[in-house]
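Me: I would like to go through this model term by term. For each label, give me the value, the cut-off and the conclusion.

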Amino acid sequence: MADLTLPTDLLKPVGQTVGAISDKARETAEAFEATFLAQMMKPMFEGLSTDGPFGGGSAEQTWRSFLVDEMAKKTVAAGGIGLASSVMSEMLKMQEQSQ
């Protein structure tokens, strides 16, 4: 009768390359920085009036959060405030310690 057991190396998860892990950490850290910046920018727009000849009315109020989110993402893409680099290095340190 044939041996039906699997070799143990087939059961191990396929590891990610260091570059893929680093890229994912960078992406996550930048998303965190964008969220942080969006939260910091929200109060700047809360007191603005949307009436007048160049105001967007209720539609502007409705879509303002999307505008703030996009401004935060563009700020991060342009270099940000340095938060993503700090967060990424801490994430990688924590990951190294867990292994």
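Me: What makes Glu90 and Lys93 a salt bridge?

Reply: The closest N and O atoms of Glu90 and Lys93 are 3.5 Å apart. A salt bridge is a side-chain nitrogen of Lys or Arg within 4 Å of a carboxyl oxygen of Asp or Glu, so the pair qualifies. Being three residues apart in helix α3, Glu90 and Lys93 are separated by about one helical turn.

Me: What kind of model is this, and what are the ground rules?

Reply: This is a predicted model; local features need pLDDT of at least 70, side-chain atom pairs count only at pLDDT 80 or more, and totals for chains, interfaces and linings use all residues. Residues are numbered from 1 along each chain as its sequence is written, and side-chain values use heavy atoms, with hydrogens and water left out.

Me: Which elements does the chain have?

Reply: Three helices and zero strands. Along the sequence the pattern is α-α-α. Helices (H or I, at least four residues) and strands (E, at least two) are DSSP runs, numbered from the N terminus.

Me: Why is Glu90 called partly exposed?

Reply: Its relative accessible area is 41%. Buried means under 20%, exposed over 50%, and partly exposed in between (1.4 Å probe, protein chains only). Glu90 therefore counts as partly exposed. Lys93, with 45%, is partly exposed too. Of the 99 residues of the chain, 16% count as buried.

Me: How do you know that the buried residues of α3 share a side?

Reply: The buried residues of α3 are Ala84, Val87 and Met88. They cover an arc of only 100° around the axis, which puts them on the same side of α3. The arc is that of the directions from the helix axis to the C-beta atoms. The face turned away from the buried side carries the exposed residues Glu96 and Gln97.

Me: How does the span of α3 compare with the expected one?

Reply: Helix α3 (residues 83-98) has 16 residues and reaches 23 Å from its first C-alpha to its last. The expected span is 1.5 Å times one less than the number of residues.

Me: What makes the pair Arg64 and Glu60 a salt bridge?

Reply: Their closest N and O atoms are 3.2 Å apart. That meets the salt-bridge rule. Both lie in helix α2, four residues apart, about one turn of the helix. Arg64 counts as buried, at 13% relative accessibility. Glu60 is partly exposed at 30%. By this rule the count comes to four salt bridges.

Me: Why does Glu33 have no salt bridge?

Reply: The nearest side chain of opposite charge, Arg26, is 6.4 Å away. Lys and Arg count as positive and Asp and Glu as negative; His and the chain ends are not counted.

Me: What does the side chain of Glu33 reach?

Reply: The backbone nitrogen of Ile81, at 2.7 Å. The side chain of Glu33 also reaches the backbone nitrogen of Gly82, at 3.5 Å.

Me: Why is the aromatic pair called tilted?

Reply: The structure holds one aromatic pair. The rings of Trp63 and Phe66 have their centres 5.2 Å apart and their planes at 40°. Rings of Phe, Tyr and Trp (its six-membered ring) pair if their centres lie within 6.5 Å; planes under 30 degrees apart count as stacked, over 60 as edge-to-face and the rest as tilted. So Trp63 and Phe66 are a tilted pair.

Technical notes. Polar contact = N/O pair within 3.5 Å; in protein donor to acceptor, adjacent residues only side chain to side chain.
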